[in-house]
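Please walk through this protein model with me, one piece at a time. Keep the sequence and the 3D view side by side.

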Amino acid sequence: MTAAIQKDTVQKALSAHAAIGLVVSALLYIVCVTGTVVVFYQEWQRIEQPDAPEMARIAPETVQAGIARVLATEKGKPRTTHLYVHLPVPDLPRTTVTTDHQAVHLDGAGRIAVREENGWSEFLLALHYTLSVPGPVGITIVGALGVMIVALSLSGVIAHPRIFRDAFRLRARDRNGIGLADWHNRLSVWTLPFILAIALTGAVIGLATVGGYGLAAKFYKGDIEATYAPIFGSEGKPDHRPAPLPDVAATLRHMAVRFPGVRPSYVILHDPGTAGQHVQVIAEHDRRLIYGENYAFDAQGRFHGAAGLADGEVGQQASASIYNLHFGNFGGLPVKIAYVLLGLALSVVTATGVSIWLGKRERRGVHAPRLRSGWDAVTWGVPLALALTLLARLLIGNSAPFVAIFWIASALFVALAMAWPSRRTKRGMQWSLLASLLGSLAAAIV
């Protein structure tokens, strides 16, 4: 009886594993590949715009002067509601001011040097976050895909009772489907903690939007800002009467004296130039997973308190740690390299899952060459489409239509592969991917 129950459980787990994988495999693969590439998000920005001024630090008075200069260029435009100053950090040593209307880099003297042009990096991040679907729908879909990865991982473990026992048994060269299955299963086991961590944090990031709207509707009369205030701090009441710009220099000096062990990474001006304005400083803490602590100041640079992300409730600290844990933004370059390698493994696991299923069908006499060729086009076409968008950025510029290039190219590759299913089609995409990467490297160097 026990054996029969166990066999039935394993069979159901196998069925669930295959069904989930087939429904979401292509989207999962896109999310995995883009997540691997976006680990170097800050480095990609430096590649896109290598001539932007860089500095290890910038004086508080220089930041103040830069803010005034940027806002002076916006006379006659609607008032900026939020102004962001990205301060130099080791991975991105640049000072960038972003308003509701523009984003510019400052030089070491606080002068406007050049407009920020990181369109490809932003496209890549948005593709990973939302699959290019605007609004809360896209990020919710990606969050649901995170849940799917968790389900696939757990169902895969249940469906293979000996998966941990055979963790180091790899028949890599077997051509009857066993070698591919072994690579799939071994990579899944070796990277299981990483996969679960990435999937769970991705699910939380993606589904937080839906959860926030739900909580706002239920408990805060639809006020989404009030929903997040207990975790990240509140905005304060607006007062739109004109007022001088806040003293950001005093704020940064206060930070250096009162919190010498932290590294400010962002300054945020809420409703600048109004009586209700206030300043928020986000500062990184060494040896912590949190993205930073939020420090609140008034317009005169007086400290009003911290949100508690560094030393508040456990839930607050966990919420502030999800982003860095998901993207590997801790521990410097070694951690980023590890995340890329683990992300590649997860991409391989995702791609081989469908290939294994197709192989099983073929061994049962169910041949679907167009379906097989179509999946090969997904496996090689998605990286190729990404490489083409990067090449377009380097050759055409920041205004290249990255979203259109990626999705049209991906769909075209699949359509062509299914129309002419052959090994030549697959090899053509592989060689094209190599050529695109080499072309991007040459364009970046030149």
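Predicted model: local features only at pLDDT ≥ 70, side-chain atom pairs only at ≥ 80, totals over all residues.

Buried means under 20% relative accessible area, exposed means over 50%, and partly exposed lies in between (1.4 Å probe, protein chains only). Residues are numbered from 1 along each chain as its sequence is written, and side-chain values use heavy atoms, with hydrogens and water left out.

Stay with α7, which covers residues 192-219. The helix has a kink of about 40°, centred on A208. The bend at a residue is the angle between two axes, one fitted to the seven residues ending there and one to the seven starting there. Helices here are DSSP runs of H or I with at least four residues, strands are runs of E with at least two, and both are numbered from the N terminus. Just after α7, K221 takes a positive phi of about 55°.

Helix α10 (residues 314-327) bends by about 35° at S321. How far does α10 reach from its first C-alpha to its last? Its 14 residues reach 21 Å, close to the 20 Å expected at 1.5 Å a residue. The expected span is 1.5 Å times one less than the number of residues. S321 itself is buried.

Two packed helices are described by the angle between their axes and the distance between the axes. Axes are lines fitted to C-alpha atoms, for helices over the stretch in contact, and angles run from 0 to 180 degrees between N-to-C directions. Helix α12 (residues 369-395) packs against α13 (residues 402-419) at about 150°, with the axes 8 Å apart. So α12 is roughly antiparallel to α13. Angles under 35 degrees count as roughly parallel, over 145 as roughly antiparallel, 65 to 115 as roughly perpendicular, and the rest as oblique. The contact of α12 with α13 has 17 nonpolar, 5 polar and 2 charged residues. Ala, Val, Leu, Ile, Met, Phe, Trp, Tyr, Cys and Pro count as nonpolar, Asp, Glu, Lys and Arg as charged, and the others, Gly among them, as polar.

Helix α12 also meets α14 (residues 423-445). Their axes come within 9 Å and cross at roughly 25°. Therefore α12 is roughly parallel to α14.

Some backbone angles deserve a look as well. Most residues other than glycine have a negative phi. S132, not a glycine, has a positive phi of about 70°. S132 sits in the loop between α4 (119-130) and α5 (135-159). S132 is partly exposed, with a relative accessible area of 24%. Phi of R287 is also positive, near 60°. R287 lies in the loop between β6 (278-285) and β7 (293-297). Is R287 buried or exposed? R287 counts as exposed because its relative accessibility is 87%.

Finally, trace two pairs across the chain. V33 is in helix α1 (residues 2-37). V33 counts as buried, at 9% relative accessibility. V33 and V340 are 307 residues apart along the chain, with their C-alpha atoms separated by 9.6 Å. R241 is in the loop between α8 (224-232) and α9 (248-258). R241 and T274 are 33 residues apart in sequence and 5.3 Å apart in space, C-alpha to C-alpha.
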